[in-house]
Amino acid sequence: MNIQLRTATLDDAPFLTNVVITATIAQGRFPADTDIDEYRAGYEAWTRDTVLGKYPNVSLSVVMLDGVSVGRFRVVRDAVTITLAGIQLLPAYQSQGIGSVLLRQLIYEAEQKDIPLQLAVEKDNPDAQRFYERLGFLQIAEGGDEYHLEYRARK
């Protein structure tokens with residue numbers, strides 16, 4: 001299994017948007033009254049803005065498996081924290097260890113820099129919550145619809 005990250009381009013915006021929508025639908029997490037076309041337009045515009053660098057310290061990548069685009073990976077890095085700001089895989093590629101590989105790479109980076117790795121996970125996504133907890137993330141706060149988790153190197 002060859003997992004790689006490729007820096008996203010403007011041409012990737014429709015694919016990355018589709019990954020998020022497809023994964024969220026598969027999880028049954030869109031409210032029934034969601035206008036998917038409107039959501040798609042807004043998310044795609046935001047993705048293009050991200051690719052264009054309108055958000056500081058953000059890297060947006062396409063997750064590749066054996067040369068095939070299978071997901072989206074967004075990370076925010078500054079001098080004191082690494083934040084996983086989004087990981088979504090197409091449903092057919094979930095539960096195959098791809099997310100674990102990517103998260104372990106971020107954990108290693110955080111440990112090398114001796115800074116925390118943080119993320120937020122939606123309260124209505126218990127599968128993701130369990131996934132992060134298995135990798136050693138602990139809840140540090142809660143707000144609105146999300147739990148805030150952190151991984152710190154164990155000394």
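Isoleucine 3 stands opposite leucine 65 in β2, in a model that is predicted. Strands β1 and β2 (residues 58-65) pair in the antiparallel sense over five bridges; two strands pair if DSSP finds at least two bridges between them. Strands (E, at least two residues) and helices (H or I, at least four residues) are DSSP runs, numbered from the N terminus.

Residues are numbered from 1 along each chain as its sequence is written. Local features need pLDDT of at least 70 and side-chain atom pairs count only at pLDDT 80 or more, while totals for chains, interfaces and linings use all residues; side-chain values use heavy atoms, with hydrogens and water left out.

The open sheet has seven strands in the order β1-β2-β3-β4-β5-β7-β6, with mixed pairing. Its edge strands, β1 (3-7) and β6 (138-143), each pair on one side only. From one strand to the next, the twist averages 30°.

| Helix | Strands touched or crossed | Angle |
|---|---|---|
| α4 (residues 126-134) | β4, β5, β7 | about 160° with β5 |

Angles run from 0 to 180 degrees between N-to-C directions, and axes are lines fitted to C-alpha atoms, for helices over the stretch in contact.

The axes of α1 (residues 13-26) and α2 (residues 36-51) come within 9 Å and cross at roughly 135°. The contact is made by residues including Leu16, Val20 and Ile21 of α1 and Tyr39, Tyr43 and Arg48 of α2.

Terms used:
Contact means heavy atoms within 4.5 Å.
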